[in-house]
Amino acid sequence: MLVRARNLSPSKLKPIFAQSLLGQITEPHLRSIPANSGAQFSPATIKPAAFSFFFFSSQLVADTAAVKQKIPSFSSLPLSRDGNYDEATPRNAVCPGCGVHMQDKDPKQPGYFTKPVENSRKVKKSYLVPIAAEPEFSDSLKRGGLVFYEAENESPEAKKPEKPVVCARCHALRHYGKVKDATVENLLPDFDFDHTVGRKLMSASGTRSVVLMVVDAADFDGSFPRKVAKLVSETAEENARAWKEGKSSNIPRVVLVVTKIDLLPSSLSPTRFEHWVRQRAREGGINKMTKLHFVSAVKNWGLKSLIEDVVDLAGKRGNVWAIGAQNAGKSTLLNAIAKCVSIGRAKEGDGEVEGKGAFSHLTEAPVPGTTLGIVRVEGVLPSQAKLFDTPGLLNPHQITTRLTREEQKLVNVTKELKPRTYRIKAGHSVHIAGLMRLDVEELSVESIYITVWASPYLPLHMGKTENVCSMLEEHFGRQLQPPIGEKRVKELGKWLRKEFHVSGNSWDSSSVDIAAAGLGWFAVGLKGEAVLGVWTYEGVDVFLRNALLPHRSQLFEVAGFTVSKIVSKADKALNTSKRQSENKRKQREPEEAIPAELSLSTVDSVSSSC
């Protein structure tokens with residue numbers, strides 16, 4: 001047939017082409033069509049030109065149907081934050097990134113997602129070539145103009161790990177770092193910790209409970225969950241008494257995990273830091289602490305020892321609950337733990353594929369309240385033990401809960417803290433942006449050292465206390481941001497003053513800290529006594545504590561504004577506005593004519609006086 005085809009013209013080749021193509025596709029290709037498609041085919045009823053398209057489209061429909069079977073449609077799920085901590089809740093019914101129940105009906109409701117359409121085969125179009133140049137019909141023509149091929153060095157059985165399907169909110173946070181519509185989250189009820197996690201911790205029977213209490217090292221007092229610490233401590237004492245009496249009891253184990261230690265200066269003594277943390281934890285309500293760990297999820301510090309202790313405490317069937325304030329770093333920590341477990345199992349398997357059984361797809365973002373519901377993290381703990389991530393606890397006393405997303409970016413600490421130190425006398429004040437102010441009111445010595453520990457993006461100002469009213473009117477919302485804009489200054493509310501009487505016995509190091517929840521702190525160094533007035537917005541907690549970081553900067557800040565992008569931008573905008581108003585004023589005023597008889601010296605004196 002090929003010898004005959006070479007001697008014919010293209011117009012007379014059509015019937016031969018059809019017969020050849022049908023002869024090639026009748027048996028092998030019909031066997032590739034799904035048996036449940038419900039269609040019957042024969043060579044007499046199939047058109048050669050249409051068969052290739054039908055074969056490809058049927059395969060695409062089959063792939064799409066397979067994806068839909070994996071992701072069912074959830075349209076009647078309740079609005080809740082319970083997540084999938086209950087065994088009765090299907091795993092794929094909850095977003096693996098934030099724990100909200102998934103639905104695909106209403107984009108304006110929480111948990112909305114779009115079903116992905118996947119095609120596992122790669123398709124490449126073939127190009128027509130002169131028939132005389134080929135010894136026979138190419139495979140591309142035999143398959144209807146489509147070529148199915150596999151990637152190089154990839155076996156047919158090899159499959160890439162499936163990417164999790166997350167809600168639209170998690171997708172926006174992962175790829176764009178922000179939420180498109182934050183009002184959707186307001187439709188969800190508040191996370192009821194007592195109803196979901198609290199009742200399991202208070203239960204005298206059931207599986208063993210381990211509480212991972214996650215606290216931010218850069219905002220220890222602001223992120224410390226006092227309510228949870230009190231609940232766990234009271235439950236532990238009550239169940240311990242019941243156990244001594246021979247009754248059934250379940251004593252929860254508390255593991256305090258201080259995260260983000262990479263944000264603290266490397267010069268900090270670990271022993272001093274441990275004593276300081278234990279003292280603050282006792283004052284915060286933890287009567288008995290089973291374990292204490294300092295970790296950094298970003299640099300993988302301390303993860304191995306933490307995993308070993310958690311596995312030992314949880315046993316074969318225990319429940320581990322990661323609990324902490326919003327933006328304390330729980331999801332980032334659990335993702336790092338899952339990755340560490342995966343690498344360890346891969347090494348034990350003599351180089352097997354990384355991620356053997358342990359995986360975590362929790363959404364990480366520098367946005368408070370990223371996790372919306374309880375998420376069960378699979379494969380991290382052995383046997384039947386379970387690990388849960390919980391929504392961040394809302395602490396209204398933290399100043400970050402009142403700020404916008406842009407303002408939170410300026411306040412959040414993302415780099416190692418650096419000290420900024422002032423040496424000032426009585427009658428002077430130091431501002432941290434437009435959020436906090438310290439007044440040195442009385443001193444038993446000539447001067448004291450004030451060191452600011454806060455985000456480097458926050459501008460500072462030091463000046464006389466008598467000028468604070470003009471600072472509020474002229475610079476808040478401009479040079480001193482956050483708040484960003486004059487309107488935000490009024491929205492944040494009024495300022496309240498708290499008075500502190502402090503004392504110290506050394507000029508070489510700071511003695512006490514005055515910290516604001518969610519912002520930072522003033523470290524005070526003096527050898528004597530002082531009366532300090534601290535101003536911030538109403539409802540923000542302010543703590544007096546022993547100094548966390550005793551050292552200070554060797555270079556002192558000067559009076560006025562610190563050099564920062566915010567201050568420079570605000571000054572530029574202010575100068576531009578002044579120049580524009582000055583130009584408009586000059587245009588409105590008639591130009592005064594200078595008499596011709598005036599001498600050159602007179603003209604110079606007039607121009608210099610303007």
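**Cavities and strand pairing in a predicted model**

The lining of the largest cavity draws at least two residues from each of α7 (220-223), β15 (512-516), β16 (520-525) and β18 (542-546). The model is predicted, and its structure holds 6 cavities of 30 Å³ or more.

**Largest cavity**
- With a volume of about 70 Å³, the largest cavity is lined by 15 residues, of which D219, F220, A515, W521 and R545 lie nearest its centre.
- Helix α7 provides the largest share of this lining, namely 3 residues.
- Sorted by class, the lining of the largest cavity comprises 10 nonpolar, 2 polar and 3 charged residues.

**Second largest cavity**
- The second largest cavity, whose volume is about 60 Å³, is lined by L212, L306, I307, V310, V311, I337, V380, L381 and L387.
- Helix α10 (residues 303-314) gives the largest share of that lining, with 4 residues.
- The class count for the second largest cavity is 9 nonpolar residues, with no polar and no charged residues.

**Strand β11 and its partners**
- Strand β10 (residues 428-432) runs antiparallel to strand β11 (residues 436-443), and 4 bridges join the two; within this pairing, H431 has R437 in β11 as its bridge partner.
- The hairpin of β10 and β11 has 3 residues between the strands, and in this hairpin A433 takes a positive phi near 50°.
- Strand β11 also pairs with strand β17 (residues 527-537) in the antiparallel sense, over 7 bridges, and here L438 stands opposite V534 in β17.

How values were computed:
Residues are numbered from 1 along each chain as its sequence is written. This is a predicted model: local features need pLDDT of at least 70, side-chain atom pairs count only at pLDDT 80 or more; totals for chains, interfaces and linings use all residues. Side-chain values use heavy atoms; hydrogens and water are left out. Two strands pair if DSSP finds at least two bridges between them. On a 1 Å grid over the protein atoms alone, a cavity is a set of points where a 1.4 Å probe fits but cannot get out, and a pocket is an open set with protein on both sides within 12 Å along at least five of seven lines; lining residues have an atom within 4 Å of a point. Grid points are joined across faces, edges and corners, and a volume is the space filled by probe spheres set on the points. Ala, Val, Leu, Ile, Met, Phe, Trp, Tyr, Cys and Pro count as nonpolar, Asp, Glu, Lys and Arg as charged, and the others, Gly among them, as polar.
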